[in-house]
Amino acid sequence: MSPGTIPEKNEAGGDIPVKILISKRGGYCYGVQRALDIAQRAAKDSPSPIHTMGPIIHNPGVVRELAEAGVSPVERLEEVTEGTIILRTHGVTPAVITDARSLGLAIVDATCPYVKVAQEKASFLGGQGYLTVILGEHEHPEVVALVANAGEKTIVVENAEELDLGQVSGKRVGVVVQTTQASANLAALASRLSPACRELLIFNTMCNATQKCQDEALSLARQAGAVVVIGGRNSANTTRLAQLCSEVQPNTYHIEDVGELRQEWFDGIETVAITAGASTPPEQMEDAASWLSSLG
Ligand code: SF4
């Protein structure tokens, strides 16, 4: 859906045009759409029961729908005794794959190809004896899997300031980035590391989809008086999108569902931008636009 203009009443009762800018890049990214297609195919073709390691995407509504189709999440492999396990977009540690095989489970790998590349680079750095610095969220499953691939000589930092330069000084250092990180974060880390290390090898494993969605969201946020960001609160990708938009436009609202929208947020606002995280069905942006168009 392209950006559109809809009428809304002003305080005097006259019509004023409220412009709604809908992101073209928001909503399901390539990796999430691929994982959902894989899960739906598995629901039809694979031996049951079928489970995912954790929710397949950070979207409670979609996870519920998949459970109704026979694909339900488990937190630990030990909860599964037979059937199929689907590896989600964030990927898992090599140990999980080994354990699943030894339990005799069928494995369907829905790890996003971009995450796979990050895992391969982490594994390469570990194998070559680099001290691996992973830029990402400490407990995020994607980062946990990256650490497992890189091996023991690994440091995780969420931002450049968190880095203890004493740990990297004079060393051969390699960098891998959680796919959903913002490019400014990587730039700051690179400039902090470069004067300190003996050798520095950086793999920019950020995902294009994330970067393009963020760039577009920021451009829309600069044109708008309010921004609506739709997606799970447990979604790192959506949370970061909302954070970036709020730096440009303080009237940024992160919602999980259109039912959370409040009329007073948009009083006197002429332009509203709508975007969504990578685990959000794109239709939800159109639902939000319809809700906004019904105001007044
Ligand atoms: S945001 Fe990028 S890395 Fe993550 S699942 Fe989507 S395409 Fe893959």
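Predicted model: local features only at pLDDT ≥ 70, side-chain atom pairs only at ≥ 80, totals over all residues.
Residues are numbered from 1 along each chain as its sequence is written, and side-chain values use heavy atoms, with hydrogens and water left out.

**The chain as a whole**

- The chain has 296 residues, and 50% of them count as buried.
- Its secondary structure comes to 10 helices and 13 strands; these are DSSP runs numbered from the N terminus, with helices (H or I) of at least four residues and strands (E) of at least two.
- Along the principal axes, the C-alpha atoms fill a box of roughly 70 × 55 × 25 Å.
- Take the contacts between residues at least 6 apart in sequence: 68% of them join residues at least 24 apart (contact means heavy atoms within 4.5 Å).

**Salt bridges**

- The structure holds five salt bridges, each a side-chain nitrogen of Lys or Arg within 4 Å of a carboxyl oxygen of Asp or Glu.
- K116 is partly exposed, with a relative accessible area of 29%.
- R172 and E199 meet through their side chains in a salt bridge, at 3.2 Å from N to O. This pair links distant parts of the chain, 27 residues apart, with R172 in strand β9 (residues 172-177) and E199 in strand β10 (residues 199-203). R172 is partly exposed at 26%, and E199 is partly exposed at 31%.
- E260 and R233 form another salt bridge, with their closest N and O atoms 2.4 Å apart. Here too the pair links distant parts of the chain, 27 residues apart: E260 sits in the loop between β12 (252-255) and β13 (271-276), and R233 in the loop between β11 (226-230) and α9 (236-248). E260 is partly exposed with a relative accessible area of 23%, and R233 is partly exposed at 46%.

**A four-stranded sheet**

- Look for an open sheet of four strands in the order β8-β7-β9-β10, with parallel pairing (two strands pair if DSSP finds at least two bridges between them).
- β8 (154-157) and β10 are the edge strands, each pairing on one side only.
- From one strand to the next, the twist averages 20°; angles run from 0 to 180 degrees between N-to-C directions, and axes are lines fitted to C-alpha atoms, for helices over the stretch in contact.
- β9 and β10 run parallel and are joined by five bridges.
- Within this part of the sheet, V173 stands opposite L200 in β10.

- α4 lies across β7 (131-135), β9 and β10, and runs at about 170° to β9.
- Two packed helices are described by the angle between their axes and the distance between the axes.
- For α4 (residues 113-127) and α5 (residues 141-150), the angle is about 30° and the axes are 7 Å apart.
- On the α4 side, V115, A118, Q119, A122, S123 and G126 meet E142, A145, L146, N149 and A150 in α5. The residues of this contact divide into six nonpolar, four polar and one charged.

**Two buried threonines in loops**

- T205 is found in the loop between β10 and α8 (208-223), and it counts as buried at 7% relative accessibility.
- Beyond its neighbours within four places in sequence, T205 is in contact with A118, K121, V176, V177 and T179.
- T205 and A217 are 12 residues apart along the chain, and their C-alpha atoms are separated by 21 Å.
- T89 lies in the loop between β5 (84-87) and α3 (94-102), and it counts as buried at 9% relative accessibility.
- Leaving aside neighbours within four places in sequence, the contacts of T89 are G31, V32, A35, I56, A110, T111, C112 and V115.

Conventions: Nonpolar A, V, L, I, M, F, W, Y, C, P; charged D, E, K, R; others polar. Buried < 20%, exposed > 50% of the residue type's maximum accessible area, 1.4 Å probe, protein only.
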